[in-house]
Amino acid sequence: MYFENLKKSIYDLIVETSTNLPKDVRRAIAKATASENAGTRSAMSLATITQNIGMADKEVSPICQDTGLPTFKIKTPIAVNQLDIKAAIYEAMELATKNGKLRPNSVDSLTGENSGNNLGAGTPVIKFEQWEKDYIDIRLILKGGGCENKNIQYSLPCELEGLGRAGRDLDGIRKCILHSVYQAQGQGCSAGFIGVGIGGDRSAGYDLAKEQLFRSVDDTNDIPELAALEAYIMENANKLGIGTMGFGGETTLLGCKIGVMNRIPASFFVSVAYNCWAFRRLAISVNPDTGEIKEWQYQEGDKIDFKADTEENEVAAAEEVITLQAPISEEEIRQLKVGDVVQINGMMYTGRDAIHKYLITNDAPIDLNGQIIYHCGPVMLKDEDGNWHVKAAGPTTSIREEPYQGDIMKKFGIRAVIGKGGMGAKTLKALEEHGGVYLNAIGGAAQYYADCIKSVEGVDLMQFGIPEAMWHLKVEGFKAVVTMDAHGNSLHQDIEMSSLEKLAQFKDRVYK
């Protein structure tokens, strides 16, 4: 009975973490939403984000389709069998994946094969520690790939773009942290949270940085110097103008937590773990005798309940929304410009890393002329009749497809690409030559966009696994912002340049 109770407790933790944002995170998002300038792209993004949170609550479905690499941090009384806990985690993970609460994300690094159940060598991450308290403490964080890829580690001293030399002191640490926010831009689904680890070796530094993400957004650092630095970063990182989704705006960072450990004389690392707005981490206290949950953690303070049926956000009232019916002509595409808000009706086709690599050397399974590729790895479930249903379907980070995207658009006649975070110079040039656009959807808004998908019309290339397959999706009212157009303009490039100029104002020494 103990094992079954323990498995249920861990399953409940997984489901709650995936579908229900903690109270402290909700309050931070609500504060940012209230302070953003109405009618802007960032205000639109935050309105969509809050609606998405409400929809995830209502449907008990993943807030974001990328449920990441689940990481468990567990403290146990001395007599507790840790092997039982590990076995219960494996069974709970497999069940949560089967029930559509987690996306199957465990991929063999050599073969590329997806295990299908989120289990495999090194997945999930489970870290144990013993303590003298009389209960089991289980903490879980679901950190998606988009924000994981924006983690960064600095070795001091170093030269930083816009900030100059960062030395081996508190001022050098300050510069590294500001630079970490700048380099993330919108690719990590800003507005985000950061955990910072000072010292240690390379691996211990990253562990310390991620450990900071388990702190409450509302707490105050016990070390006065670090408490002051956290407050400084929160004030000044939001002056960079990167904004939500990298669209520009008042809110770029929602939380900053810093930890420190000793180091050896030869090394001085500053490690930063970036986390998106969908800050999914929860914890439970478990009775070591029964396996049942004693208490849920991160429940202090008021809970903000966001509405799932919010009327369309500010931009609908402030700006014209352009409707595109797929397939789309080159003429229609060349009429669009950076900043336009579009809504798409018709078909779109998902394509991530495996699909892009495949299409470079192979024919497409369907006619893509005039069509739309959606950078998305959805959470999918099949019903008893064999029909597929979309459980979560937000955009993935697009920059990974930069080596392929322009060539594929020209080869197959693709007119639009949807993703998040923007793409680079090669894609921008191809958009201008070919007549195409890049559309930025709202990162993490997996329930909002799943609601726009009215049916699954088919699927190809399932050998790559559910997240990497090419899904044929029929959509209505799928909204996104033109951030790279067919005239050589890129909002991402503009925001990066302007934020670099603003970053340079923090070059002068603050800590003597």
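1. A polar contact is a pair of N or O atoms within 3.5 Å; within protein, one atom must be able to donate a hydrogen and the other to accept it, and residues adjacent in sequence count only if both atoms are side-chain atoms. The model is predicted, with local features needing pLDDT of at least 70 and side-chain atom pairs counting only at pLDDT 80 or more, while totals for chains, interfaces and linings use all residues. Residues are numbered from 1 along each chain as its sequence is written, and side-chain values use heavy atoms, with hydrogens and water left out.

2. Take R281 to begin with. A polar atom of its side chain lies 3.0 Å from the backbone oxygen of L213. The backbone oxygen of R215 is likewise 3.0 Å from a polar atom of the R281 side chain. R281 has a relative accessible area of 0%, so it is buried (buried means under 20% relative accessible area, exposed over 50%, partly exposed in between, with a 1.4 Å probe and protein chains only).

3. R281 belongs to strand β10, residues 280-286. Helices (H or I, at least four residues) and strands (E, at least two) are DSSP runs, numbered from the N terminus. Contact means heavy atoms within 4.5 Å. Leaving aside neighbours within four places in sequence, the contacts of R281 include T17, D24, L140, F214 and Y298.

4. Which strands pair with β20? Two strands pair if DSSP finds at least two bridges between them. Strand β13 (residues 341-350) is antiparallel to β20 over 8 bridges, and I344 has F478 of β20 as its bridge partner. Strand β19 (residues 453-460) is joined to β20 by 6 bridges, also antiparallel; here V456 is partnered by L473. Strand β18 (residues 437-440) runs antiparallel to β20 with 3 bridges, and L439 is partnered by V482.

5. Is β20 largely enclosed or open? Strand β20 (residues 470-484) has 12 of its 15 residues buried, so it is largely enclosed by the rest of the structure.

6. An open sheet of 4 strands has the order β4-β9-β7-β8, with mixed pairing. The edges are β4 (152-155) and β8 (253-260); each has a single partner strand, so one side of each has no neighbour in the sheet. From one strand to the next the twist averages 15°. Axes are lines fitted to C-alpha atoms, for helices over the stretch in contact, and angles run from 0 to 180 degrees between N-to-C directions.

7. Helix α8 (residues 224-237) lies across β7 (192-198) and β8, at about 155° to β8.

8. D494 sits in helix α15, residues 491-503. With 44% relative accessibility, D494 is partly exposed. Between D494 and P327 there are 29 Å in space, C-alpha to C-alpha, and 167 residues in sequence.

9. For the chain as a whole, there are 15 helices and 20 strands. The radius of gyration is 23 Å, close to the 24 Å that the globule rule gives for 512 residues, so the chain is as compact as a globular protein of that length. That radius is taken over C-alpha atoms, and the rule is 2.2 Å times the number of residues to the power 0.38. Buried residues make up 59% of the 512.
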